[in-house]
Amino acid sequence: MAPPRFSIVTPVYNPPLAALKACIDSVRSQTVTDWEWCIVDDCSTQNGAVELVQYAADLDQRIRF
């Protein structure tokens, strides 16, 4: 029997980029792989946040942006 699927929802607004990258790396490196991650940006105004999340979503189909 497959492990249960679960969803993670993370709101993002002008996060410290190092912390956002660490969060992305942490979730992607989990041993349980049957998940989806919905990252919702609330119109961040700082450079880099949207691009970092979009890059992560392009790399991993489990990430929805």
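Which residues in H1 meet which residues in H2? On the H1 side they are Leu-17, Leu-20, Lys-21, Ile-24 and Arg-28, and their partners in H2 are Ala-49, Leu-52, Val-53, Ala-56 and Leu-59. Contact here means heavy atoms within 4.5 Å. A quick note before going on: this is a predicted model, where local features need pLDDT of at least 70, side-chain atom pairs count only at pLDDT 80 or more, and totals for chains, interfaces and linings use all residues. Residues are numbered from 1 along each chain as its sequence is written, and side-chain values use heavy atoms, with hydrogens and water left out.

Now the overall layout. The chain has two helices and three strands, and from the N terminus they come in the order β-α-β-α-β. Helices (H or I, at least four residues) and strands (E, at least two) are DSSP runs, numbered from the N terminus. The C-alpha atoms fill a box of roughly 45 × 20 × 15 Å along the principal axes. Of the 65 residues in the chain, 26% are buried; buried means under 20% relative accessible area, exposed over 50%, and partly exposed in between, using a 1.4 Å probe and protein chains only. Look at contacts with a separation of 6 or more, and 81% of them join residues 24 or more positions apart.

Back to H1, which covers residues 17-28. Its 12 residues reach 16 Å from first C-alpha to last, close to the 16 Å expected at 1.5 Å a residue (that expected span is 1.5 Å times one less than the number of residues). Leu-20, Ile-24 and Val-27 are buried in H1. They sit on the same side of H1 because they cover an arc of only 70° around the axis, the arc being that of the directions from the helix axis to the C-beta atoms. The buried residues of H1 pack against strand S1 (6-12), strand S2 (35-41) and helix H2 (49-59).

How do the two helices line up? H1 and H2 pack at an angle of about 15°, with their axes 10 Å apart. That makes H1 roughly parallel to H2: angles under 35 degrees count as roughly parallel, over 145 as roughly antiparallel, 65 to 115 as roughly perpendicular and the rest as oblique. Axes are lines fitted to C-alpha atoms, for helices over the stretch in contact, and angles run from 0 to 180 degrees between N-to-C directions.

H2 has its own buried set: Ala-49, Val-53, Ala-56 and Ala-57. Seen down the axis of H2, these fall within an arc of 100°, so they line one face of the helix. Glu-51, Tyr-55 and Asp-58 are exposed on the other side of H2. The cover over the buried residues of H2 includes H1, S2 and strand S3 (63-64).

Zoom in on Val-53, in helix H2. Val-53 is buried, at 1% relative accessible area. Leaving aside neighbours within four places in sequence, Val-53 is in contact with Leu-20, Ile-39 and Phe-65.

Asn-14, in the loop between S1 and H1, has a phi near 45°, a positive value in a residue other than glycine. Cys-43, in the loop between S2 and H2, also isn't a glycine, yet has a positive phi of about 60°. Asn-14 is partly exposed at 22% relative accessible area, while Cys-43 counts as exposed at 62%.
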